[in-house]
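Colleague: I have a few questions about the labels used for this model. Can we take them one at a time?

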Amino acid sequence: MQKIKSYICGEWKNGEGVETEVFNAITGEQIGGVSSKGFDFAEILNYGRTVGGKKLRKMTFHERGNMLKALALYLLQNKKRYYEVSAWTGATKGDSWVDIEGGIGNLFANASLRRQFPNLPYYIDGEPAMLSKNGTFIGHHIMVPKEGVAVHINAFNFPVWGMLEKIAVNLMAGVPAVVKPSSVTSYLTQVVVEDIIASKLLPEGALQLVLGSARDLINHVTPSDVVSFTGSASTGLKLKSNPVITNNNVPFNLEADSLNAIILGKKATPDTPEFAIFVKEVVREMTTKAGQKCTAIRRIFVPQELMDDAQKAISARLSKTVIGDPSVEGVRMGSLASLDQQKEVREKVELLSKSQNIVFGDMENFEVLGADKEKGAFFPPILFRNDKPFDNVDVHSVEAFGPVSTLMPYNSIDEAIELAKMGKGSLVSTIVTPDNKEAREYVIGAASMHGRILVLNEECAKESTGHGSPLPLLTHGGPGRAGGGEEMGGMRGVLHYLQRTAIQGHPSAITEITQVYQQGAKGNIIEEHPFTKYFEELNVGDQLITESREITADDIDQFAALSGDNFYAHKRETDFNGTMFDEQVAHGYFLMSAAAGLFVHNYEMNPVLLNYGIDNMRFTKPVYAGSKMHIRFTCKELVPTDVTPKEDDPKTKIKRGIVKWLVEMLDQDTEEPLVGFATILTMVKLKDQS
């Protein structure tokens, strides 16, 4: 028997004996065996913390993001092998695409998040808090990588996606991972990890793989670690209630299977495009991965008067589902992942049959193309009908984790909402309707018990990713039965692996810590104009104090004439009694324009390529004719950029970075001189173009 190795503490290693035998789900042939017996889990976790963690924490977000991008490109080049092995799990090519390329897509998506983080190993969270009258004492928040490991205990249904969508997030945060996949399909996870380790793109210790039982793994986690579990709610709750987790407040993310629902809106009658979209979505979610998805549709709610129409249309489409060996042309649904899974689904169908009727499908009599039905883990699509969902309630608590779903009626949107919530917490729900008001009513009513809601209609159907597709930039998780956790979610997911810490001090100290200039900090007055410097030559805090300019009534009149902004406050002849102003006031946008005239270096070509935006512009005091304004112009933040050159556009080959500048507009003749401020963004050329 082939023993499939784990990767721990820097080496590929077998556990003692064989704990679990693994089989080809199509042919029933044995692939090999896995075991973690004899592994020292305390040592494994410590290796991740001390070897992988130290290296990752020294990398910046931009470096980690580029690392993920390189890894994604590397895995794409090797994907052919993954598809071959994925077929052993019973997956069709389409199923495998979701698992393999969907997982790699998560690496790309998380890599792109680097642009939303600073080029630092840690993150600056939110805006500063002013804690004192004179501005010499402020507060802020930073978030640093946790100094532990991410422990991922994954389910059998997505052996590639399940691993990659999780490690993409913790690696982006600077935290190493120990992955413990389900033994049933762990041989596919192992093939991918083998390539990841061979690529040498990750620091040693950043990723370890444990095949076999988790044993006492949870007993060795610390408050610095994060545990993430995907699987059954019962197993997840058992792990989450471990005293090591509860006593030490170890972060625990639980994503459990749920009884997800789809609702056909009242206006989506059989003569509308939405009805056909609804039928297609139901059947796709029943048969993709043979229904073995935590997001699959288990409950189908349609208006009472459309029950027969829906049953007929869904059954007709299901009848076209060809079951068999995914390598055979024409097969549209493979097998379940194992014979044990087949047995479990059968038991759940038999249990559900006591309270509702099967209207399509036969567990005994179905055809399999290109394979032996008795040897493989095949199971046919089963559609139930339950005409009394408020009375026959097993459907709201019993899940058959396969191609099984139940059709049920509702009489009003309020009833549909109530029925959807009877699942006691779901990962996702969908409403299919051409009526946006109906969609709004359902979404607002059902959102409290759902992690995600898809509103599907003809306008978005062609580009929609569908009911069952969690996306890396959106949160994946749900309340109640669904586990109460969150995965992915763009930046939100990364922040789960960071520790938020409040910091307090003088603006100069906070500037040094955050590497973002804080108002009130001491600036670094420079003799050269900052626009004459290349990106690498600039420093946060570099500051220019400009000459002053008198704001005249003629200036205000001319700007009003040029812009067409003749608001009453900008006119000389206005009677200002009862207004907020004493006399004619300068336009805020004129002040910003005048500010640019003061701080822009306009005598010669310089490294500033362009100005492409203004953030957080505020006007804090009125400026009247006769005021003398000057500018305090400070380098606020330096943001390196990745340039992807376009072959036909030499301009994109220019290496550059983004510089954020704090523009403070000051009226030098007043006691409180600040009259306005803004952050402008410039694109600045790098001196090193090699």
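Colleague: Where does N457 lie?

Modeller: This is a predicted model. In it, N457 sits in the loop between β18 (450-456) and β19 (475-476).

Colleague: Why is N457 called buried?

Modeller: Its relative accessibility is 8%. Buried means under 20%, so N457 counts as buried.

Colleague: What else does N457 touch, leaving out residues up to four places away in sequence?

Modeller: E274, I277, T433 and N436. E274 and I277 are buried residues of α9.

Colleague: How do you know that α9 is mostly covered?

Modeller: By count: 11 of its 15 residues are buried. Among them are F275, F278 and V282.

Colleague: What does α9 pack on?

Modeller: First, the sheet. Seven strands form an open sheet in the order β14-β15-β16-β13-β12-β17-β18, with mixed pairing.

Colleague: Why are β14 and β18 said to stand at the edges?

Modeller: Each has a single partner strand, so one side of each is left without a neighbour in the sheet. On average, neighbouring strands are turned by 25° against each other, direction ignored. α9 packs on this sheet, touching β12, β13, β15, β16, β17 and β18. Its direction makes about 160° with that of β13.

Methods:
Residues are numbered from 1 along each chain as its sequence is written. This is a predicted model: local features need pLDDT of at least 70, side-chain atom pairs count only at pLDDT 80 or more; totals for chains, interfaces and linings use all residues. Side-chain values use heavy atoms; hydrogens and water are left out. Buried means under 20% relative accessible area, exposed over 50%, partly exposed in between (1.4 Å probe, protein chains only). Helices (H or I, at least four residues) and strands (E, at least two) are DSSP runs, numbered from the N terminus. Contact means heavy atoms within 4.5 Å. Two strands pair if DSSP finds at least two bridges between them. Axes are lines fitted to C-alpha atoms, for helices over the stretch in contact, and angles run from 0 to 180 degrees between N-to-C directions.
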